[in-house]
Amino acid sequence: MSVIYILITVSITVAIFFLVAFIKAVKSGQYDDDYTPSVRMLFDDELLKETNKNQIQITDEKQL
């Protein structure tokens, strides 16, 4: 029976630790922006294409 009391105490202690860690992560802003990282990969190719076009235009102007 005493093992049950020890297990309950340990599980409550671990649960409180994870709750404190979660609250600290939320307060530090870790979960503020969860939309942008998932969309950023969709726009990476467009940024690369634009920079490549700009580089091509710059080299064409230098040749003239």
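The protein has 2 helices and 0 strands. The model is predicted. Of its 64 residues, 3% are buried.

Helix H1 covers residues 2-27. H1 holds 26 residues, and the distance from its first C-alpha to its last is 38 Å, close to the 38 Å expected at 1.5 Å a residue. Glycine 29 follows H1 and has a positive phi, near 90°.

A nonpolar patch lies on the surface, formed by Met1, Ile4, Tyr5, Ile8, Ile12, Ile16 and Val20. Together these residues have about 740 Å² of accessible area. One of them, Ile16, is placed in H1. Isoleucine 16 has a relative accessibility of 48%, so it counts as partly exposed, given that partly exposed runs between the buried limit of under 20% and the exposed limit of over 50%.

The count of aromatic pairs is 1. The pair consists of phenylalanine 17 and phenylalanine 18, with ring centres 5.6 Å apart and planes at 65°; the pair is therefore edge-to-face, the cut-off for that class being over 60 degrees. Phenylalanine 17 and phenylalanine 18 are both exposed.

The areas and accessibilities are collected below.

| Item | Value |
|---|---|
| Nonpolar patch, accessible area together | about 740 Å² |
| Isoleucine 16, relative accessibility | 48% |
| Buried residues, part of the 64 residues | 3% |

Methods
Residues are numbered from 1 along each chain as its sequence is written. This is a predicted model: local features need pLDDT of at least 70, side-chain atom pairs count only at pLDDT 80 or more; totals for chains, interfaces and linings use all residues. Side-chain values use heavy atoms; hydrogens and water are left out. Patches are made of residues with over 30% relative accessible area and no salt bridge: like charges are joined within 9 Å, nonpolar side chains (Val, Leu, Ile, Met, Phe, Trp, Tyr) within 5 Å. Accessible areas come from the Shrake-Rupley method with a 1.4 Å probe; for residues, only the protein chains shown count as cover. A salt bridge is a side-chain nitrogen of Lys or Arg within 4 Å of a carboxyl oxygen of Asp or Glu. Helices (H or I, at least four residues) and strands (E, at least two) are DSSP runs, numbered from the N terminus. Buried means under 20% relative accessible area, exposed over 50%, partly exposed in between (1.4 Å probe, protein chains only). The expected span of a helix is 1.5 Å times one less than its number of residues. Rings of Phe, Tyr and Trp (its six-membered ring) pair if their centres lie within 6.5 Å; planes under 30 degrees apart count as stacked, over 60 as edge-to-face and the rest as tilted.
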